[in-house]
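Please read it with the coordinates open.

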Amino acid sequence: MRKSLRINHHPLLGEMDKKVISFTYNGEKLQGLEGEPIAVALLANHIRILRRHEESGSARGLYCGIGHCMECRVELLGKGQVRACLTPLKEGMEIREGSRLPNAITGRVDS
Amino acid sequence: MRHVNEGYIVCRCEEVTGKQLEDAYLLGAITSRQLKMKTRATMGACQGRVCRQLVNLWLSKKDQCADKGVEPLSYRTPIRLVTFGELAGEE
Amino acid sequence: MSEVQQTDLLIVGAGPAGLSAAATISADRDFRVMVIDEFPEPGGRLLGQFHEERNHSWWIGKIVAADLIIQNTLAGVMIQCGVSVYGLELLPDGWRVLTSKGDIRTKYLLLATGAAEVPMPISGWTLPGVMSIGAAQVMANVHQVKPGERGYIVGVNVLSLAIAKELVVAGIEIEGIALPPDDLFAMEETNPVAAIELLTRLSDAAPAPWMRWGGKLAQKMKLSRLIASCFPKKGVKVWDLPLQLRTALVSIQGVDQVESVIVADVTRSGEIIEGSQREIEVDFVAIAGGLYPLAELAALAGCPFLYVSELGGNIPVHNERLKTTLPNLYVAGNITGVEGAQVAMAQGRLAAHSISYDAGWFACEEEPKLLDAIAEVKEVRRSAMIQFHPEIDSARKRIYELFEHWM
């Protein structure tokens, strides 16, 4: 198990005081802090791939971190596509990576 | 000589490369708006918040005389992700 | 349908400018004030910033934000987070603002939407693990999760050095701060000479004494070329940061996420020295292309714009009192030009006095407060630790002149 990326004792900013909760990503059970953005909880678990480009399927992750770039769109069960960098994590959330669209929708012809 | 690398992506949302901008330019798309129409750069999910600056910068270097004030790209509602539910006033 | 909310003043953006405006106006008047922001918590860019002052004490944005939030709460200001504005419309008696949580009608509207980051496209920059430097700052300082264990920063400017230092304080390894490749997407600081010129403008905030003293001298004597020639290829440590002005980051590698970067030595004018390419293992890359004013809402409203490079881009035309050319619409903070948080806070206070004055109560009392607030903005700008651009005052004058011309 890799070490979490959380900064536990920040010399100037102190500690985060949030409750640990559970959620799933692509079916895998994970833990995060209540209220932190989904993308942050995933990053703390070393998960960077949040989406596949709709047409090419290339991997995408967090880019701007403040809701401008739309790169971190994930599928949140019951809500549809949300920006992982702005959406607060709640207990029991079921999240999946944003997926590549089927060829029938994009009209893509794979060479 | 400048290090030329036009094969990589400029518009992340629509996966438009520098090469595609170059090709469109050579075909006569010489303003930001024309480049956008031709290549779809700036027309993706972020609505150009990321690459609009790049397209303008690229163009200004292509054409040193280009006036940055000429034919700027416009903005249209909605400028943020909004669901039909939210439009209908759902919580 | 959700109910239409009503207020006297709606502020879009709960950052340094927006929160300061709300606290100032509500402390003075019986006036309904609402602040909205799409981030889950108020504070904006204050939340992620800290720097060491001249007297070696630390200025911590999170604490400044907490103080402003308390002032607002005590004054009865409603702060709503997680609300995105997607449109707006001028009404005969104010503005209708369309948000993800329903419409808001307001008499006065203050746009304090801050800035967005200028990207720099690099081969491989869509890989997960490549993020804007602002995102790295938000991860480390706001959410307290490392953007990665070891990273490379591309782009040498005020923002990249300040944030690189914050990342090091948080225990993140920075392998290097290098230049972007000099291609058709490169901004001004892409070659070593230009980067040194830019760094020497930082005055008191320059990260090394040789830049502060040598910098001023270099500026006067045009020594940047010489410094660029002498700058060691390995880079030098400034603020404990590996600043590499003779290195460009040419490519980011990885299958599904960042695994390494390729860097190369460059000549003093920015050309890559063939054969000097080497691969360095990292797990994140932060792109620092600088900031531009985020003014989409002003554009939707119909404000005229002026391109001002010293202020970071297209600026909605406004006057010294932060009024736009449209009725009851005001701007404050980085939407008026890219500067530091302390200037944004002073502008927020000024916008509050400007709105009180225009609202017409006690005008004779408001006038001196308004003039004081204008003077305060100038004073804060003059004494700021980080000078974003030396020509800010004259650049701002051009906008005010255009306002007069327009009206």
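1. Basis. This is a predicted model, in which local features need pLDDT of at least 70 and side-chain atom pairs count only at pLDDT 80 or more, while totals for chains, interfaces and linings use all residues. Residues are numbered from 1 along each chain as its sequence is written, chains are lettered from A and ligands numbered from 1 in the order in which they are written, and side-chain values use heavy atoms, with hydrogens and water left out.

2. Chain A. Chain A has two helices and seven strands, where helices (H or I, at least four residues) and strands (E, at least two) are DSSP runs numbered from the N terminus. Their order from the N terminus is β-β-α-β-β-β-β-β-α. Of the 111 residues in chain A, 52% are buried; buried means under 20% relative accessible area, exposed over 50%, and partly exposed in between, with a 1.4 Å probe and protein chains only. Contacts (heavy atoms within 4.5 Å) between residues at least 6 apart in sequence join residues at least 24 apart in 44% of cases in chain A.

3. Chain B contains four helices and two strands, in the order β-β-α-α-α-α from the N terminus. Buried residues account for 46% of the 91 residues of chain B. In chain B, 49% of the contacts between residues at least 6 apart in sequence join residues at least 24 apart. Chain C has 11 helices and 21 strands, and 61% of its 407 residues are buried. The corresponding share of contacts joining residues at least 24 apart, among those at least 6 apart in sequence, is 65% for chain C.

4. Helix 1 of chain B. Which residues of helix 1 of chain B are buried? They are Gly18(B), Leu21(B), Glu22(B), Ala24(B) and Tyr25(B). Seen down the axis of helix 1 of chain B, these buried residues fall within an arc of 165°, so they line one face of the helix; the arc is that of the directions from the helix axis to the C-beta atoms. They pack against strand 1 (9-11), strand 2 (16-17), helix 2 and helix 3 (52-62) of chain B. Just after helix 1 of chain B, Gly28(B) has a positive phi of about 110°.

5. Helix 1 against helix 2 in chain B. Helix 1 (residues 18-26) and helix 2 (residues 32-39) of chain B pack at about 115°, with their axes 10 Å apart. Axes are lines fitted to C-alpha atoms, for helices over the stretch in contact, and angles run from 0 to 180 degrees between N-to-C directions. The two helices of chain B are therefore roughly perpendicular; under 35 degrees counts as roughly parallel, over 145 as roughly antiparallel, 65 to 115 as roughly perpendicular and the rest as oblique. Their crossing is right-handed, that is, the near helix is turned clockwise from the far one by less than a right angle, anticlockwise being left-handed. Gln20(B), Leu21(B), Ala24(B) and Tyr25(B) of helix 1 meet Leu35(B), Lys38(B) and Thr39(B) of helix 2. The residues of this contact are four nonpolar, two polar and one charged; Ala, Val, Leu, Ile, Met, Phe, Trp, Tyr, Cys and Pro count as nonpolar, Asp, Glu, Lys and Arg as charged, and the others, Gly among them, as polar.

6. Helix 3 of chain B. The buried residues of helix 3 of chain B include Trp58(B) and Arg52(B). The buried residues of this helix pack against strand 1, helix 1 and helix 2 of chain B.

7. Helix 3 against helix 4 in chain C. Helix 3 (residues 133-142) and helix 4 of chain C pack at about 25°, with their axes 10 Å apart. These two helices of chain C are therefore roughly parallel, and their crossing is left-handed. Among the residues making the contact are Ala136(C) and Ala140(C) of helix 3 and Ile163(C) and Leu167(C) of helix 4.

8. Ile172(C). Ile172(C) sits in the loop between helix 4 (158-169) and strand 12 (173-179) of chain C. Ile172(C) is buried, at 3% relative accessible area. Leaving out residues up to four places away in sequence, Ile172(C) touches Ala140(C), Lys146(C), Pro147(C), Gly148(C), Glu149(C), Leu167(C) and Phe284(C).

9. Met70(A). Met70(A) lies in the loop between strand 4 (59-60) and strand 5 (73-76) of chain A, and is buried at 2% relative accessibility. Leaving out residues up to four places away in sequence, Met70(A) touches Arg51(A), Arg83(A), Ala45(B), Cys46(B), Arg49(B) and Leu81(B).
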